[in-house]
Amino acid sequence: MQITNSPLYEERLKFILSEMLKQLGYDMTKNFKLYLDTIILNIPTKIEKYKISPFFDDENIKEIDFQGFKIFFYHDVQADNFVILSIV
């Protein structure tokens with residue numbers, strides 16, 4: 001099992017973190033990122049908790065609601081891998 005990030009996710013996350021840093025400061029941005037990383041690392045154990053995203057026509061794309069953001073990820077069932085698609 002492997003969790004990978006798409007280039008779009010990494011680009012969006014960089015933008016979000018830089019804006020948070022300007023508005024909320026280092027400590028709050030750091031705490032947000034640490035908690036986000038924890039959620040992502042725990043996706044495989046909590047896969048059933050997350051709902052299928054209505055924005056995609058694929059039951060293997062799910063979404064996580066986190067502090068006003070949506071994190072979209074794809075679960076490749078056959079390979080048991082996860083791809084973090086985007087954060088909005």
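In which strand is S86 found? The legends below, drawn from a predicted model, begin with the sheet and return to this residue.

**View 1. The open sheet comprises 5 strands in mixed pairing.** The strand order is β1-β5-β4-β3-β2. At the edges stand β1 (2-5) and β2 (51-52); each has a single partner strand, so one side of each lacks a neighbour in the sheet.

**View 2. Strands β3 and β4 run antiparallel.** Strand β3 (residues 61-66) is joined to strand β4 (residues 69-76) by 6 bridges. Within this pairing, K62 has F73 of β4 opposite.

**View 3. S86 is found in strand β5.** The relative accessibility of S86 is 10%; because buried denotes values under 20%, S86 counts as buried. Leaving aside neighbours within four places in sequence, S86 is in contact with L8, Y9 and R12, as well as with K70, I71 and F72.

**View 4. F56 occupies the loop between β2 and β3.** With a relative accessible area of 37%, F56 is partly exposed. Apart from neighbours within four places in sequence, F56 is in contact with I61 and F72. F56 and F72 are 16 residues apart along the chain, and their C-alpha atoms are separated by 9.8 Å.

Conventions. Residues are numbered from 1 along each chain as its sequence is written. This is a predicted model: local features need pLDDT of at least 70, side-chain atom pairs count only at pLDDT 80 or more; totals for chains, interfaces and linings use all residues. Side-chain values use heavy atoms; hydrogens and water are left out. Two strands pair if DSSP finds at least two bridges between them. Helices (H or I, at least four residues) and strands (E, at least two) are DSSP runs, numbered from the N terminus. Buried means under 20% relative accessible area, exposed over 50%, partly exposed in between (1.4 Å probe, protein chains only). Contact means heavy atoms within 4.5 Å.
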